[in-house]
Amino acid sequence: MIRTVADRPLICVARKLPKPVEDRLAKTYHVRFNVEDRQLTADELLARAEGCEGLLITPADKMTADFLKRLPESIRIIATFSVGFDHVDLTAAKARGLAVTNTPDVLTNATADIALLLMLGAARGAYWGERMVREANWGAWSPTHPLGHDVSGKRLGILGMGRIGRAVARRAKGFDMDLHYHNRSDVPEADKLGARYHKRFEDMLPHCDFLSINCASTPQTRGLINDKTLALLPQGAIVVNTARGEIVDDGALIAALKSGHVAAAGLDVFRGEPNIDPRYRTLDNVFLLPHLGSATHNTRTAMGMRAVDNLDAFFRGERPRDLLTG
Ligand code: DGY
């Protein structure tokens, strides 16, 4: 159905988006932009969504069953500006007949790059090294301190051999790493990239000098990195997380970092972020980033364009490419 300009759908956008994305939205839709670029409370977002047909959200907007129940009847589609959709209760969305879409593919490389940055940063002491320089606490060069850990030639276990896991594997091959992976089900031969499959996650852990978390946050993976699984890692392993904080039991990881069983961790995502477990801030053997996985100019624009592609398809009456509720 062709809609007139006056009849264009009204879209509520939860957060400021890259300019080319906002410009494109404004050409096709009536839009309620978040001009002050402030994280809205659930009540504020509900009020702004009044009378809208589409909602463009970010991972910080929690679409719980209760929120979805209160969502104005006029909303027909929720497009999340993220590949992850653990913040959307898909069952409740489906029950309400809402379409939900995400933005896969376009952030794969940027996120895998950050996983490598975390591996290198954690292993080589980027945090304490940088701090020494900034705090003018850099003594004379010494053969014995400060020292980090090698990355090249080490064993890397990848939890979740999806698009991002495979992109991490490709990069790690450049560091001559010995690759292992665990995935719910095995992947086609072409996607193995020379890595060894472990059907049971627990069986992979003893082979991980590095563990890279790249799986989705689901009821099955939440808390999967806990005291029992961490104990199966070799002494001095390094853990990096670019997926979701909920996959890690913070208390267990912090205890392992303090005991030295886990030598270092690189974390870009946190349970309850931005209000992270404050104990992380006190540790020298962690390299912490504020959820920067997809945070490049090009990638964030591509994510926005992908979200708008999905809205466009939906309002043309077609099936959006990234429909999660189909
Ligand atoms: C996503 O898209 O799910 C990422 O976490 C955002 O960087």
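Which side chain atom of His291 lies 2.7 Å from an oxygen atom of the ligand? It is an N or O atom in the side chain of His291.

## Basis of the model

The model is predicted: local features need pLDDT of at least 70, side-chain atom pairs count only at pLDDT 80 or more, and totals for chains, interfaces and linings use all residues. Residues are numbered from 1 along each chain as its sequence is written, and side-chain values use heavy atoms, with hydrogens and water left out.

## Ligand site

The residues surrounding the ligand are Ser82, Val83, Gly84, Leu107, Arg244, His291, Ser294 and Met303; a residue counts as near a molecule if one of its heavy atoms lies within 4 Å of it. By class, this shell comprises 3 nonpolar, 4 polar and 1 charged residues. In this scheme Ala, Val, Leu, Ile, Met, Phe, Trp, Tyr, Cys and Pro are nonpolar, Asp, Glu, Lys and Arg are charged, and the others, Gly among them, are polar.

An N or O atom in the side chain of Arg244 lies 2.7 Å from an oxygen atom of the ligand. For Ser294, a side-chain N or O atom is likewise 2.7 Å from a ligand oxygen. The protein covers 92% of the 240 Å² of accessible area that the ligand has on its own; accessible areas come from the Shrake-Rupley method with a 1.4 Å probe, and for residues only the protein chains shown count as cover.

## Domain arrangement

The protein chain is divided into domain 1 (5-106 + 297-315) and domain 2 (108-288), with bounds from an automatic or database domain assignment. Their centres, taken over C-alpha atoms, are separated by 32 Å. Domain 1 contributes 8 residues to the contact and domain 2 contributes 7 residues, where contact means heavy atoms within 4.5 Å.

## Lys192

Lys192 belongs to helix α8 (residues 189-192); helices (H or I, at least four residues) and strands (E, at least two) are DSSP runs, numbered from the N terminus. Lys192 is buried, with a relative accessible area of 12%. Buried means under 20% relative accessible area, exposed over 50%, and partly exposed in between (1.4 Å probe, protein chains only).

The side chains of Lys192 and Tyr181 are joined by a polar contact of 3.1 Å. A polar contact is a pair of N or O atoms within 3.5 Å; within protein, one must be able to donate a hydrogen and the other to accept it, and residues adjacent in sequence count only if both atoms are side-chain atoms.

## Thr221

Thr221 lies in the loop between β9 (210-213) and α10 (227-231) and is buried, with a relative accessible area of 12%. Its side chain reaches the backbone nitrogen of Thr218 at 2.9 Å.
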